[in-house]
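Colleague: Hi! Could you walk me through this model when you have a minute?
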Amino acid sequence: FGSSHLGSSAPHGEDAPARRIPPIARLERPSNAAMGEVRFKNGELVKRAQTRPIGEFGGNFGTAFWTFFIPTAIWYFYGCCVLKNGNLAIPWDTQFWYDLYFTLPEGIAIRPTAKSLIAIAVWVVFQAALEILIPAKIVEGVTLKNGNKLKYPMNGLAAFILSHVVPYALCWFGYLSPYFIWSNMGALLTGGVIVSTAMATWLYIDFGLLWWRHVDDPEFEEDWGVFNYSECINDWWLGVARNPRLFHSFLTVPFDLKRFWNARPGLTLWVVGNQSYIAAMYFGCHLTAAGQPECAETGDWSRVSMAACMVAFAHWYYIFDYNWNEPAYLTTTDIRHDLFGWMLTYGDFGFLVWYYCFAFCGHIAWLEKPLTDNYVNFAVGTTIYVLAMYLFRVTNIQKHNFRTYIANGGDLSQYKVWGKPVEYIHTEEGSYLLTSGWWSFARHFNYIGDLTMCLGWAISCTGPGHVFPWVPLSYCVYFWLMDIHRMFRDENRCRMKYKADWVKYETIVPWRIFPNVF
């Protein structure tokens, strides 16, 4: 999987001259690499500096704990759906775990299966083929520490559409069960853990221990690779490279692993999985008294929950909107700052794709009584979602338009927000911090929409005579903790980057998320 370090004219460092590297089949390890001295192909000495975050999430001990705790928690909540019809189980009940792994039928149980691993492999290869083969507009990302700007193919919308057309066609012609996710979610959960852990381990070896193989790739930065073996678990978990890429030798735009993994296989399968759960409701899928899965041969829309359709549409629109505005993603923290380790390999394809799916639509599909009579909860939840989504969109677009105007060389003296001249801070580092419009209320005002819409989904997942939405609310708790923790990480990074300008920014915009509260 390692790249072959072929021709590149991208400079390392803003003032470094462009250089052309002759193609080679393989970059052999320099004899002095063991002493830390590695040179570019043009003879320049590679200078490295450990500027990556160390100790986040509890360092080695903390990240080791999260590696085991998070998958276990996801298995637990899945078991609450399947074995308890949405009620909570006693976490230390050994019979619960025995049934979840051994007693439940293959696919629904969390024991891995060859079918689930093959399905994951086929889906990932299919998504990679779509990204590589579909004609795409090429867009540059933000400037890296080394002065380069990476290029990205923007064909997400076409890939997203085909990712619906192909599974639907396979179902129509009888090659794929429409409720495949419902009947295989347990094995897929565990398969996701296996794949993401293997991928993180490969990344640590190829781009961490063997970092010197990648120094002539245009995405290589000074903080790539392993610096201290004592930080191995922390490095494996957070990542040792920011934008690792493959296939430099035969792709015009090399294959960006992190952008692909973040955006394509997991996000798309999440929304397709929701639709599979709706198909399970349509066909009345359930476990018989003997513990075997059973689905009707003909469907009935009266079994399908309005809440499930609303949540599935909300999730679908969220990902459709991302693909419609795909270039905006290149300016986010995910691309600009996050490293690519287990946190993202598992987060994208061991956690998000399955948990986001079964926490709402899966929860409804496994309820003992069909959720088809919760009209008030459905109306309240839908209203909350629509208002939250609107706020999420307008706040992010406002900042994106501001950044785009600057990137295109616009005159900020002529730029207006809400009909007034824009207010901002031009930092010594060269960035611009927007302090107008929505961004005058709080430094992360866009989080409010994200944090609120999931509450609307959870409210719609219950009603009179139905179980309390423990599993949907577990998602809300997780998401609030994740977003707030991410906010603190982002602020710490900005405080180090902008120094006195960030202090000034905090004075002008004193609130983090909720004005006059927090």
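Colleague: Is R336 buried, exposed or partly exposed?
Modeller: R336 counts as partly exposed, because its relative accessibility is 25% (buried means under 20% relative accessible area, exposed over 50%, partly exposed in between, with a 1.4 Å probe and protein chains only). Bear in mind that this is a predicted model, where local features need pLDDT of at least 70, side-chain atom pairs count only at pLDDT 80 or more, and totals for chains, interfaces and linings use all residues. Residues are numbered from 1 along each chain as its sequence is written, and side-chain values use heavy atoms, leaving out hydrogens and water.

Colleague: Which helix holds R336?
Modeller: R336 is in helix α10, residues 333-336 (helices are DSSP runs of H or I, at least four residues, numbered from the N terminus).

Colleague: And how far is R336 from V142 in space?
Modeller: Their C-alpha atoms are 7.1 Å apart, while in sequence R336 and V142 are 194 residues apart.

Colleague: Switching to packing: at what angle do α1 and α11 pack?
Modeller: Helix α1 (residues 59-84) and helix α11 (residues 342-365) pack at about 15°, with axes 10 Å apart (axes are lines fitted to C-alpha atoms over the stretch in contact, and angles run from 0 to 180 degrees between N-to-C directions). That makes α1 roughly parallel to α11, a label for angles under 35 degrees.

Definitions and conventions:
Helix = DSSP H or I, 4+ residues; strand = E, 2+ residues; numbered from the N terminus. Parallel < 35°, antiparallel > 145°, perpendicular 65-115°, else oblique.
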